[in-house]
Amino acid sequence: MIAARTLGKSGIAVTELGFGGAPLGDLFAVLDEATSVATVEAALDAGVTLLDTSPLYGHGLSEHRIGAALRRRPQVRPVLCTKVGRVADPFLLRGTETDFVGGLPHRLRFDYSYDGAMRSIEQSLLRMGVSRLDIVLIHDVDIWTHGAAAIDARFEEAVAGAYRALRRLRDEKTIGALGVGVNEADMCLRFAERCDIDCVLLAGRYSLLEQPAAEAFLPLAQKRDIGVMLGGVFNSGILATGAVAGAKYNYKPAPPEIRAKVEKIEAVCRRHGVKLADAALRFALAHPTVASVVLGAVAPVEIAAQQASLAAAIPGALWTDLASQGLLDASLPVPQ
């Protein structure tokens with residue numbers, strides 16, 4: 001059974017392993033419908049309680065597939081997490097502006113307004129066939145998505161609009177918790193300092209490879225009891241595959257300096273008989289603010305592999321060796 005942790009001050013219990021719904025939206029490849037739904041069912045049957053998705057993922061397809069799985073497991077009530085910031089228009093066909101090669105044909109538009117957040121939530125509820133959401137995150141208010149020139153305006157729009165809408169829904173107990181889902185630790189910090197958020201889903205910025213979130217955001221999160229969910233703990237693939245040819249980092253081919261560092265980390269893991277992916281997963285879960293690591297999957301067998309990775313034995317000397325070689329800051333928390 002997968003252990004559960006409390007997601008900060010929200011009081012919501014989530015499993016250490018969460019299910020990430022991005023691949024279900026036909027990210028990079030079109031998936032078989034039956035296998036996609038069966039993968040969600042396998043996660044639920046394995047005891048995973050946190051299901052994370054977004055309207056972005058396949059322009060709603062991920063939410064549809066999660067909804068189909070929920071209808072096949074009516075006795076299960078997982079923690080549902082989705083996002084706002086984009087609204088679908090069924091009368092406009094999508095273009096080529098996305099990495100999702102399949103998915104639904106509806107075009108998405110950014111909308112961080114109050115009404116936009118309300119409409120996005122309504123659309124998500126309809127896609128999944130549910131009447132309540134446990135966690136709702138303001139999605140992709142970061143430089144990665146909007147660029148440095150536009151980020152200040154997007155942030156103010158989100159604070160005045162989407163955040164105000166989610167705060168009202170939380171106060172009315174229509175949703176359980178609110179937060180942000182972004183790719184940058186600095187934006188997590190900015191929202192935490194400005195808004196009363198319960199949690200964040202941070203992708204890629206606290207991993208065995210890099211830990212910029214540890215500088216300012218995670219200490220503040222710990223102080224204010226903001227629950228943290230981590231995505232991208234393999235940095236888009238390289239910490240799962242190793243520094244092989246074509247290894248991905250931040251969704252692109254890894255540059256030479258990243259591959260070189262990963263090669264060194266992997267060499268230490270190899271000397272201790274530990275798989276790189278196992279070390280990456282366990283490291284991410286060691287921080288006291290982290291409640292769950294959200295991992296994607298496209299087949300039921302991957303759910304079993306993730307559970308095995310979580311249970312893998314890792315000697316303490318591995319972390320000592322990484323620190324002694326300058327590959328890991330010795331002050332960071334590691335598994336005990």
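Q: In this predicted model, which residues of helix 5 are buried?
A: Helix 5 spans residues 151-160, and its buried residues are Ile151, Phe155, Ala158 and Val159. Buried means a relative accessible area under 20%.

Q: What puts these residues on the same side of helix 5?
A: The arc they cover around the axis is only 100 degrees, so they sit on the same side of helix 5.

Q: What do the buried residues of helix 5 pack against?
A: Their partners are strand 8 (133-139), helix 4 (143-146), helix 6 (162-171) and helix 7 (185-194). Packing here rests on contact, meaning heavy atoms within 4.5 Å.

Q: Which residues have the most contacts inside the largest nonpolar core?
A: Those are Ile138, Phe191 and Leu208, in a core of 94 residues. Helix 11 (residues 276-285) gives the largest share of this core, seven residues.

Q: What makes the phi of Phe28 worth a remark?
A: Phi is near 75 degrees there, a positive value, and Phe28 is a residue other than glycine. You will find Phe28 in the loop between strand 3 (17-20) and helix 1 (33-45).

Q: Where does Lys173 lie, and is Lys173 buried or exposed?
A: Look in the loop between helix 6 and strand 9 (175-182). Lys173 has a relative accessible area of 65%, and the cut-off for exposed is over 50%, so Lys173 is called exposed. Lys173 also has a positive phi, about 65 degrees, although it is not a glycine.

Q: How many disulfides does a search of the whole structure find?
A: The search finds zero. A disulfide needs two cysteine sulfur atoms within 2.5 Å.

Q: How do you know that Cys195 is in no disulfide?
A: The nearest cysteine sulfur belongs to Cys188 and is 12 Å away, whereas the cut-off is 2.5 Å, so Cys195 is in no disulfide. Cys195 is buried, with a relative accessible area of 7%.

Q: What about Cys199: how do you know that it is in no disulfide, and why is it called buried?
A: For Cys199 the nearest cysteine sulfur, that of Cys81, is 6.6 Å away. A disulfide would need the sulfur atoms within 2.5 Å, so Cys199 is in none. Cys199 has 0% relative accessibility, and buried means under 20%, so Cys199 counts as buried.

Terms used: Residues are numbered from 1 along each chain as its sequence is written. This is a predicted model: local features need pLDDT of at least 70, side-chain atom pairs count only at pLDDT 80 or more; totals for chains, interfaces and linings use all residues. Side-chain values use heavy atoms; hydrogens and water are left out. Buried means under 20% relative accessible area, exposed over 50%, partly exposed in between (1.4 Å probe, protein chains only). Helices (H or I, at least four residues) and strands (E, at least two) are DSSP runs, numbered from the N terminus. The arc is that of the directions from the helix axis to the C-beta atoms. A nonpolar core is a set of buried Ala, Val, Leu, Ile, Met, Phe, Trp, Tyr and Cys residues joined through side-chain atoms within 4.5 Å.
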